Protein chains: 2
Amino acid sequence: MGKNILVAHGGGPTAVINCSLQGVVEAARASGSVDKIYAARFGAEGILAGDLIDLTDVPAETITRLHHTPASAIGSCRRKLTDADYPTVLGALEKFGIDCFFYNGGNDSMDTCNKVNELAKTEGLDLRVIGIPKTMDNDLEVTDHCPGFGSAARYAAMSAAELALDASGLPIHVVVLELMGRNAGWVTAASAMAARLTGCEVMTYLPELPVDTDKMLGEVERRYAKGRGLLVAVSEGIRGLDGKPLADTGIVDGFGHTVPGGTAQHISDLIIQKLGLKSRAEKPGLLGRASIPYVSEIDREEAYAVGKFAVEAALAGESGYMAAIKAERSPSYSSSLFLTPLAGVANAEKKFPTEWIVDGNAISDKFFDYALPLMGDDFPQYALLRK
Amino acid sequence: MGKNILVAHGGGPTAVINCSLQGVVEAARASGSVDKIYAARFGAEGILAGDLIDLTDVPAETITRLHHTPASAIGSCRRKLTDADYPTVLGALEKFGIDCFFYNGGNDSMDTCNKVNELAKTEGLDLRVIGIPKTMDNDLEVTDHCPGFGSAARYAAMSAAELALDASGLPIHVVVLELMGRNAGWVTAASAMAARLTGCEVMTYLPELPVDTDKMLGEVERRYAKGRGLLVAVSEGIRGLDGKPLADTGIVDGFGHTVPGGTAQHISDLIIQKLGLKSRAEKPGLLGRASIPYVSEIDREEAYAVGKFAVEAALAGESGYMAAIKAERSPSYSSSLFLTPLAGVANAEKKFPTEWIVDGNAISDKFFDYALPLMGDDFPQYALLRK
C-alpha cells in the first residue's frame with residue numbers, strides 16, 4: 001500500500017515557493033509509492049481545521065503552471081502554533097492517514113516542523129517529517145542559501161538598476177528604494193549590483209548596521225551633487241543609532257514581530273526637509289517576493305529540487321530533517337542537497353556578515369561572489385549613451 | 001551631401017523610449033542619406049547648452065542594447081522652454097548644422113516641437129521637425145495610443161495580479177497598490193486585469209472620477225470579509241469628492257505640476273484606522289515605467305517603428321507633424337503609422353472615458369478590447385490550487 005503525503009506552506013511566500021510544491025507533487029507521482037497527495041489550505045490553519053486540498057488527481061498541466069505562479073498556490077498563514085495546537089495537528093494527520101508531512105517555510109516553520117516530529121516520535125507514530133526551506137530573507141542556518149533568495153535578490157538588483165538609470169537619465173530627484181528585510185540585509189545587499197550594472201551612484205543600507213542619518217544625509221548631498229542622479233536603497237528594517245527602526249507601520253504580525261515599513265518615505269522626507277533636494281520614495285514591497293518576470297532560473301531549479309529531494313528522503317524513511325543546499329562556486333557554480341537536523345535550523349537567524357558592508361553603504365565583492373550565481377549571471381548589458 | 005539629425009527626449013521616460021531612439025538611429029543609418037546623428041544630452045537642457053552626444057559612430061551592437069535599456073539612454077529633463085529659450089534652441093541647431101530635429105515626448109514636448117517648427121518657418125530655415133510620441137500615461141490626442149503605454153499597462157496588470165495572489169494566498173491584510181498617473185487613469189485601469197487573471201477581489205480607482213472614501217471603505221470591508229484577500233489599486237492622482245488630491249508630496253515639478261504620491265499609504269492608513277483591518281501600501285513608482293522584464297513586445301515594436309517612421313518622414317521632406325498610430329483590432333490587431341499636425345496634439349490631454357468605469361471601481365470590457373492587444377496577449381495562466 002502506498003503512502004499518503006501532506007505538504008503545507010508557512011509564513012510569507014517567495015517567487016518560487018510553488019516550484020517546490022511542483023517538485024513535491026511531481027516527485028510523489030514519479031515515485032509510484034504515493035497514494036494521496038494533500039496540501040493544507042492556508043498552511044497551519046488548514047491543518048488545524050482539517051481543511052486539506054486533494055491534489056492527487058489535479059492534471060499534470062495545472063501542476064506545471066506552478067512553475068510561474070506567484071504567491072502560495074495552496075495558501076499560507078502566519079499563525080504561530082502554541083503547545084496546545086500540536087495534538088490537534090497530529091490528530092488531523094492521523095485522520096487523513098498522513099505518512100509523510102512536508103512543511104515549506106522559514107525558521108519559524110522549521111521550529112513547528114521539529115515539534116511535530118518530536119511529538120510524533122514521543123507518541124510512537126510512524127510519521128516522517130521533512131522541512132523544505134523557503135525564505136527570500138536567506139536567513140536560515142546550515143543551508144548555503146534559501147530557495148526564494150536568488151529571485152528576491154535578482155529583483156532587488158535589477159529594479160535598483162532600473163531605478164538608478166531612471167534617476168540618472170532624468171536627474172531631478174534622489175530616488176529612495178525600500179526593499180523587504182526586517183532583520184537580515186541579504187536581499188537589500190543585492191541592490192548594490194545596480195552600481196555595477198549602471199555605473200550610477202548607489203548607496204545601500206542594511207539592518208545589520210545602525211544608520212547614522214546625519215552622516216547618510218551628508219553623503220546623499222555630496223553624491224547627488226555629481227549631477228547624474230542617485231539611488232539610495234534601504235532595507236525596510238534599518239535602525240538608527242538608538243537601535244530603533246527608522247520607521248514602522250505600528251502593526252504587529254501573527255508571530256509577534258512589528259511590521260516595518262515607510263522607511264524609504266521617511267528618508268525621502270529627511271532629504272527634502274534637511275537638504276532641500278527633491279526626492280521620491282519607491283516601495284515595491286511584496287512585489288519583491290511575488291514578481292515572476294524577475295525570477296532567477298537557478299533559484300527556480302533549486303526550489304524545485306528541494307521539494308523533490310524532501311519527498312525522496314521521506315519515502316526512503318528519513319524524518320526530522322530539513323533539506324539543505326551545499327554549493328560549490330569554483331571553478332563554476334554547482335549545488336547539491338543534503339539533510340540537516342531540524343533542531344539546528346529552528347528559530348535560528350543567519351545575519352548578513354557586517355564585514356561585507358564597506359564604508360557603511362557599499363557591499364563587498366565577497367557578497368557578489370556568494371550571491372551572483374544565485375541571482376543568475378545573465379544580467380542585461382545596457383546602452384549608456386549619455387556617459 | 002547628407003543630412004545631420006538631432007534627437008532629444010522630453011519629460012519622463014518610458015520602458016521603451018530607447019527603442020524609439022534605436023529606430024531613429026538605425027533608420028538614419030539605413031537611409032544612406034544621413035551624415036551626423038546627434039542626441040541632446042539631457043533633452044532641452046542639452047540643446048540649450050549645446051551639449052550634444054555624437055552617436056554617428058557608436059557601434060551597432062551598442063545601439064542594439066537600447067532594446068532593453070530602461071530610462072533615457074541619452075538623458076531627459078523636465079524643463080519647460082520659455083519664449084526666450086527658442087532662439088537659443090534654433091541657434092544651437094544651426095551651430096551643429098542640424099537638418100532634421102526629432103523630439104520624443106508627451107504633450108508638453110509636442111508643444112515645444114510645434115514652436116520650434118513655427119519659429120524655423122518664420123525665420124525661413126530649412127529645418128524639418130517631427131515629434132515622436134511617448135508617454136506611459138497614454139494621454140496624447142489623435143494617436144490611437146502612445147508608445148510606452150502598453151508596457152506600463154502590462155506592468156500594472158501583471159504586478160496587480162501578483163500582489164492580488166499574494167494578498168489572497170496569505171490573507172492577513174488588504175494590499176493597496178499605487179500606480180503612476182496624475183490625471184489620466186489609463187495605466188491604473190490595466191490593474192483591473194488582475195481580477196481576470198486571478199479571480200481575486202480587485203478594486204480599481206482612476207483620477208477621472210472623484211473618490212468617495214467612505215463608500216470605498218465600506219466596500220473594502222465588505223469584500224475583504226470574503227476572506228480571500230483584497231487588492232485595491234489606485235492611481236497616484238485620485239481626488240476626493242472635494243476635487244483635491246487625496247495625497248500629494250508637496251513637490252512642484254519643472255512644468256509647474258504638483259507631484260502626487262503617498263495616495264496608497266493614505267488609503268492604507270484609513271483602512272487601518274477606520275476599519276481596524278491590517279493593510280499595507282505598495283508603491284513601485286518609477287518601476288512602472290522603468291521595468292524591462294514586464295515590457296510588452298508589441299509596445300516595443302511600435303516604439304521602434306515610430307522612431308523609424310519619423311526619420312523616414314523627415315528625410316522625405318515632411319515637417320511639423322507627430323508620428324501617430326492607427327490601429328485595427330478586428331479580426332486581429334494590426335497597426336499602421338501616419339503623420340498628424342503637431343498643433344493638434346500640443347498640450348491636449350486625452351482622459352480615460354468615464355463611461356468605461358463601472359460602479360466606481362471596476363473597468364469595462366471595452367477598455368480591455370482597446371488595451372489588451374497593446375499589453376500583449378501572452379499573460380500567464382496561473383495554478384490556483386486553493387480555490
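# Exercises on a two-chain model

In helix α10(B), the buried residues are T263(B), A264(B), Q265(B), H266(B), I267(B), S268(B) and I271(B). Here a residue is buried if 20 or more other C-beta atoms lie within 10 Å of its own, exposed if 12 or fewer, and partly exposed in between, with C-beta atoms placed from the backbone. This is a predicted model, in which local features need pLDDT of at least 70 and side-chain atom pairs count only at pLDDT 80 or more, while totals for chains, interfaces and linings use all residues. Residues are numbered from 1 along each chain as its sequence is written, and chains are lettered from A, with ligands numbered from 1, in the order in which they are written.

Compare the end-to-end reach of α10(B) with the span expected at 1.5 Å a residue, then do the same for α12(A).

*Solution.* Start with the terms: helices (H or I, at least four residues) and strands (E, at least two) are DSSP runs, numbered from the N terminus. The expected span of a helix is 1.5 Å times one less than its number of residues.

- Helix α10(B) covers residues 263–275, and its 13 residues reach 17 Å from first C-alpha to last, close to the expected 18 Å.
- After α10(B) comes G276(B), with a positive phi near 70°.
- Helix α12(A), residues 297–315, has 19 residues that should span 27 Å; its end C-alpha atoms are 28 Å apart, which agrees.
- Since 15 of the 19 residues of α12(A) are buried, this helix is largely enclosed by the rest of the structure.
- G317(A) follows α12(A), and its phi is positive, near 100°.

## Exercise: the domains of chain A

Find the domains into which chain A is divided and describe the contact between them.

*Solution.* First, the bounds: domain 1 is 3–147 + 294–344, and domain 2 is 155–293 + 351–375. These bounds come from an automatic or database domain assignment. Next, the spacing: the C-alpha centres of domain 1 and domain 2 of chain A lie 32 Å apart. The contact between them takes 23 residues from domain 1 of chain A and 19 residues from domain 2 of chain A. Two residues are in contact if their C-beta atoms, placed from the backbone, lie within 7 Å. Finally, on the side of domain 1 of chain A that touches domain 2 of chain A there are 9 nonpolar, 6 polar and 8 charged residues. (Ala, Val, Leu, Ile, Met, Phe, Trp, Tyr, Cys and Pro count as nonpolar, Asp, Glu, Lys and Arg as charged, and the others, Gly among them, as polar.)

## Exercise: how the chains pair

*Solution.* The same surface serves both copies, as 100% of the contact residues of chain B recur in chain A.

Now look at the interface itself: 55 residues come from chain B and 55 residues from chain A. On the chain B side, α3 (60–64), α6 (149–169), β11 (279–282) and α11 (287–290) each supply at least two residues. Of these, α6(B) gives the most, with 6 residues. By class, the side of chain B that touches chain A has 30 nonpolar, 15 polar and 10 charged residues.

*Solution.* Most residues other than glycine have a negative phi, and most peptide bonds are trans.

- In chain B, S330(B) and P331(B) are joined by a cis peptide bond with omega of about 0°.
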